[in-house]
Amino acid sequence: MDRQITASTCCYCGVGCGVLIEHDGEHILGVSGDPAHPANFGKLCSKGSTLHLTGDLTARALYPELRLGKSLARHRTDWDTALDHATSVFAATIAEHGPDSVAFYISGQLLTEDYYAFNKLARALVGTNNIDSNSRLCMSSAVVGYKRSLGADAPPCSYEDLELSDCVMIVGSNMAYAHPVLFRRLEAAKSRRPQMKVIVIDPRRTDTCDLADLHLAILPGTDVALFHGILHLLLWEDWIDRDFIRDHTEGLAELKNLVRDYTPQMVSQLCGISLGQLQQCAEWIGTSPSFLSLWCMGLNQSTAGSAKNSALINLHLATGQIGRPGAGPFSLTGQPNAMGGRETGSLSNLLPGHRDAANAQHRAQVASYWGVEQLPDSPGLSAIELFEQVRNGKIKALWIACTNPAQSMPDQTAVRAALQACPFVVLQEAFSTTETAKFADLLLPAASWGEKEGSVTNSERRISHVRQAIVAPGEARPDWAITVDFAQRLEKHLRPGQASLFEFDNPAQVFDEYKQLTQGRDLDLSGISHALIDRLGPQQWPFPAGAVEGTARLYVDGVFATANGRAQFVADPYRAAKEQRDARFPLTLITGRLRDQWHGMSRTGTAAQLFGHVSEAELSLHPDELRRHRLQPGDLVSLKSRRGAIVVAVASDDSVRPGQAFLPMHWGDRFLKGGVNSLTLPAFDPLSKQPELKHSGVRLDPVDLPWKLFALIEGDVQRHFETLRPLCEAFSYVSLSLVGRERPALLVRAANTSAPSAELLSEIDKNLALDDGPVLAYDDPRRAIGKRVRIENGRITAIRLAGETLAQHWLQGLWLEGRADQQLRRWLLAPLSAPPGNLDTPFNSNKILCNCKNVGQNAICAGISRGLDLQGLKQELGCGTQCGSCVPEIKRLLAATAQPATVFS
Ligand SMILES: Nc1nc2c(c(=O)[nH]1)N[C@H]1C(S)=C(S)[C@@H](COP(=O)(O)OP(=O)(O)OC[C@H]3O[C@@H](n4cnc5c(=O)[nH]c(N)nc54)[C@H](O)[C@@H]3O)O[C@H]1N2
Ligand SMILES: Nc1nc2c(c(=O)[nH]1)N[C@H]1C(S)=C(S)[C@@H](COP(=O)(O)OP(=O)(O)OC[C@H]3O[C@@H](n4cnc5c(=O)[nH]c(N)nc54)[C@H](O)[C@@H]3O)O[C@H]1N2
Ligand code: SF4
Ligand SMILES: [Mo]
């Protein structure tokens, strides 16, 4: 087929950018930003612009696979057998143990049509509220915040408010990494109007701080105290909107009583900031003509997540900064369709159309629309509770779709035990490589980005039509179709002889049935259809039937979605994070995102290019903390929490304060043995039930792992990954990554207390293609040292160092340069293990800042020392000229050379 272009959306973050997919009907060949899409007007970030490089077919789930006993391997099967088997297990389980003995755990990355099918399946057909999604780990505190304070789960703002605001406060959000295209928009607005104030509130000095006029590096978890302290000052200085408060709110009196105690002294001390910073922050909020706040996981992922959300919204209500251009509380949604999940009722406590499962009237409305007698009234389980009930045997069949709980849920020991114990785990996945796939009794291959059709809602309530470009590989099918097919089979058992609830032939039909359930509700989108979006472009809800355009801003009339139309001040006191630093666990571990990786990396982890910015798992510690522990960058430590321990390399990073540590959330067990969430805790917020993934108490213990392994192999990296990772299970420390842009290679580092058996090492060599052919080898069994290098056509194609790995960086450099000279040959055949000369410069030092133009930090620093400014660097090196994701970091390098780096005292 000829080259074609299909307009669709990016499958990553909640900005919801429009993309143009270039393809030939079978293969995706390229991707660019859609200039016509109102979320991004043609821009893409480093993740969106590399979408076509991800999704290696060898990593994809291509056929249904079934295993008939826990000790057996899965074998390929056909769809009929797979779904009939699932049907009989679910039907039997429901018959014997009741509908609440099964559960569905789904994802904010599904399309609206997928969600709707799942919800109808769980609530109308099975009769259980046990359907929850990974949005529980993500947005559920924001859902509670909006509902408690404003009456409905509806972000009131539009992206254009970022451009119109006079004061933007970014709280617990590293939007430079996590919502880059919106951050670009904010950067542009601030450069046009430098008087616009930007405040960043984050314990770490992130790239987002690059734009900040004021950075409050508050101590982790102290946001509620900070917001109450700000309100205290707003009231004291009379920077409030009395008319707005009188006409449109209630509950200030009680809140005033509470915040009286949050004196500036007390708050600045508790939050670890100066009085001046607090005062400045309150003044800008209280006196700017318009005030917008943007927030994300720093608020939501907390045992006080609901309180944090409402305490922030309190500030908008007190100042009347809502329902006006450039004003309002604006949560940045994490996943591309977390909003759609909330709209369709994809948390256990919700129902479609922003309804509540606990509300009898809401249940009756939905039941009557679906034509079933009733909906279940027993409360459904939220994610953490759900896996607990799986582990203790109450849930006997679990259906997981589009999420990877064996990587992303906290307290992995418990989660993996649950998955192991569950009699029947179904996994609907696009990639067969995930940590959860190991536990699946039935693996159902799902179509993924570019291969499926439906709709998504982004952070600003805008619904886009996600269009299919190519046919899904193998036998993969779209999620809605898998769900509907299964539901139709299950109906024959549960509702024999009755008319089908699932007569859908395409996603547009699913959408049309769903949208009627929003009629008359706050989110009324009954006027939207796939065809309407095709005609008018993506639209913001509410968009009732008969409307001609969507709604940019909510609450412009000051009437809120509460029973009496008034917004509610919420007076929750500050409560500290669950795990405070103490003598046994003296560090707070913060987890969060990297610029170029997406969650568990099933997709981004297939593209070597996306490892250029951060190549391997490292624990960031303040230089003082390294000194205190007598550690050098690169040293391995045992990082322990009350729940588990992992071995990881440390890095020096003065963007975290002493007493804190940062580890990216992406490194699951595949990439870093044990994975980050072996450490995190399952404690959750009492209202939103969102777990505290952001803070856990940890300590560093020294490790003695003298035996080291370094391996690198080019070629079919996914296949090498899948064979080598299990072989490394024997070692205490294991870290895998991809390197190289033109010729990707798998890189393995491991360490252990002692050498492995000769058999294991030769098995590893076999998988590195180092057992045969043009391989140079040197072994010193007495010192347990061995080196092997494969040289083909004058180039290194595989390396293995065992015992000592002093030459690893040197060898990696030779590999990258394609050099296999006499010096290498001489070194290889000599007993020495250190590289010749003093050549062991850490290889990571040249991280790739600009992914689009492949420009490394070294080149940029060299340019800066030649006197180039940002413009000059862009012109000469090309960096930062395409997606712009690297610009904040380049600016930071420029600033660092202009003045000595600031360190926390
Ligand atoms: N590159 C990339 N982008 C993504 C994703 C991805 O995986 N990769 N995932 C998407 C998803 S699903 C989500 S939810 C979003 C998340 O987007 P963000 O929430 O912006 O990202 P995080 O890095 O998880 O956390 C944000 C910041 O919260 C800070 N923080 C930690 N504790 C506290 C605290 O107590 N108070 C405050 N004020 N701040 C705190 C952390 O230091 C961190 O810098 O990103 C989306 N975008
Ligand atoms: N420590 C720590 N842990 C965290 C967080 C943190 O900040 N710190 N953040 C939390 C947050 S906010 C989130 S959102 C979660 C994310 O956690 P997960 O939901 O586990 O993240 P993903 O890796 O994106 O999982 C999505 C899966 O769906 C698969 N997939 C992709 N496309 C499709 C498709 O079209 N259909 C199907 N069926 N499958 C598909 C992907 O291969 C991938 O395995 O992690 C949470 N965990
Ligand atoms: S900001 Fe980047 S990751 Fe998010 S939707 Fe846009 S292109 Fe995709
Ligand atoms: Mo998320």
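Which helices and strands each supply at least two residues of the shell around ligand 1? In this predicted model, α5 (175-178), α12 (297-300) and β23 (587-592) do so, where helices (H or I, at least four residues) and strands (E, at least two) are DSSP runs numbered from the N terminus. Local features need pLDDT of at least 70 and side-chain atom pairs pLDDT 80 or more, whereas totals for chains, interfaces and linings use all residues. Residues are numbered from 1 along each chain as written, chains are lettered from A and ligands numbered from 1 in the order written, and side-chain values use heavy atoms, without hydrogens and water.

The shell holds 34 residues, of which Asp202, Gly221, Asp223, Arg593 and Gln597 come nearest to ligand 1; a residue is near if one of its heavy atoms lies within 4 Å. Domain 3 (140-331) and domain 4 (587-702) each contribute at least three residues to this shell, with bounds from an automatic or database domain assignment.

Nitrogen atoms of ligand 1 lie 2.8 Å from a polar backbone atom of alanine 178 and 3.1 Å from an N or O atom in the side chain of lysine 47. An oxygen atom of the ligand is 3.3 Å from a polar side-chain atom of lysine 308. Of the 900 Å² of accessible area that ligand 1 has on its own, the protein covers 100% (Shrake-Rupley method, 1.4 Å probe).

Elsewhere in the description, five strands form an open, parallel sheet in the order β10-β9-β8-β12-β13, pairing being defined by at least two DSSP bridges between strands. Its edge strands are β10 (214-216) and β13 (328-331).

Key: A polar contact is a pair of N or O atoms within 3.5 Å; within protein, one must be able to donate a hydrogen and the other to accept it, and residues adjacent in sequence count only if both atoms are side-chain atoms.
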